[in-house]
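Student: Hi! I'm new to this one, could you walk me through it?
Tutor: Happy to, let's take a look together.

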Amino acid sequence: MTDVKGHCEPRFAAVHEALAALLDRDDVGASVAVYLDGEPVVDIWGGYADADRSVTWERDTLTGVNSTTKTMTALCALVLADRGQLDLSAPVAAYWPEFAAAGKGNVLVRHVLSHTAGLPDLSGPTAVEDLYDWEDVTAGLAARAPAWEPGTAAGYHALTFGFLVGEIVRRITGRSLGEFFAETVAEPLGADFHIGLSTEHDHRVAPLIPPLALTDEYAAAAPTGPDGATRKSAGAVIRVKDANSVAWRRAQIPAVNGFGNARSVARLQSVLANHGSVGGVRLLSPKGCEPAWQEVYGGDDRVLGTPMSWTAGFGKFGTTFGWGGWGGSLVAGDPGSRMTVAYVMNQMIDRERQEDDRGMEIVMAAYSGLR
């Protein structure tokens, strides 16, 4: 059995066993963390950081978590809302005047956060390199007409979510989403998560490994949510080789290009599940956390093709809220039990070819520790 390192409280032994089994079965390298009442009760990792299994996955190994990044971008918006700098019920144009073009004056901030703004697709870029031009992408979204009456339907904003929320944050703070996140969220909480990764961290990155029998040309033309539903193209085809590139690490694509490990993901998101604080540090008021699990829209998602419950920035699944990333990463928070569970790995699974229950196996193992 693969050696699993780190700390795991005895009552959560099932989580340790689940990660060990995954590393023996499906995973190359991975990390798992569970926070309860704002404190770590599980912080474990194992396996390898490379496909050749020559580099050990270490305590501080980082990897790309793809759409799990959306939970961090949403957290930034909730912090601003809690501080009174952002009104979730205000028009986006109140902060970003150009956005009112093409009939979008009635698009509210909560529409953007809940994937109901009617802007699930980019305005034209088809090359990944186009995503690196923040001003061009956001200008294109500001000029675009919504695909439906905002607030009346949902459609997963796979790439546009980060640009839309990120530009609102930039207009309010004068800082990029990545800068605001680093200075206002990650650093105060001591969390090793990055939206836009700087050079000094490159040596710690475990590249994503394409699904078995596929190459690094494997593309996210149809990324999936935690329920396994596939989405339609958002106008840019992102391949594994793109997500592993230096240019991708340096860019600001706050829907999808966050880098971290399970410890940092769980620590940051546990702020919400623990009603505003983690490790004795308070980031939000208890009231400021509630939009994370309060439903804004429930019904069929036009892009995912499945019923969804969307909150202000998160998917809602029963008593939990959170989201996952292309390839398998996942975070889930439960405000009732004040528990947050995160799973981050480098071996991707293509859900069109194979079921991927890895993250949910970890989540269910964590719940067994609460009994």
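**Contacts, cores and helices**

Tutor: Setting aside neighbours within four places in sequence, L284 is in contact (heavy atoms within 4.5 Å) with L75, L78, V79, D82, V271, L272, H275, G276 and C289. This is a predicted model, where local features need pLDDT of at least 70 and side-chain atom pairs count only at pLDDT 80 or more, while totals for chains, interfaces and linings use all residues. Residues are numbered from 1 along each chain as its sequence is written, and side-chain values use heavy atoms, leaving out hydrogens and water.

Student: Which residues have the most contacts inside the largest nonpolar core?
Tutor: Those are L131, F181, W248, L272 and L284, in a core of 81 residues. Such a core is a set of buried (under 20% relative accessible area, 1.4 Å probe, protein chains only) Ala, Val, Leu, Ile, Met, Phe, Trp, Tyr and Cys residues joined through side-chain atoms within 4.5 Å.

Student: New topic: at what angle do helix 2 and helix 9 pack?
Tutor: Helix 2 (residues 70–82) and helix 9 (residues 262–273) pack at about 40°, with axes 11 Å apart. Helices here are DSSP runs (H or I, at least four residues), numbered from the N terminus. Axes are lines fitted to C-alpha atoms over the stretch in contact, and angles run from 0 to 180 degrees between N-to-C directions.

Student: Which residues make that contact?
Tutor: T71, M72, L75 and L78 of helix 2 meet V265, L268, Q269 and L272 of helix 9.

Student: And L189, where is that?
Tutor: L189 is in helix 6 (residues 177–189), and is buried, with a relative accessible area of 2%.

Notes
Helices (H or I, at least four residues) and strands (E, at least two) are DSSP runs, numbered from the N terminus. Buried means under 20% relative accessible area, exposed over 50%, partly exposed in between (1.4 Å probe, protein chains only).
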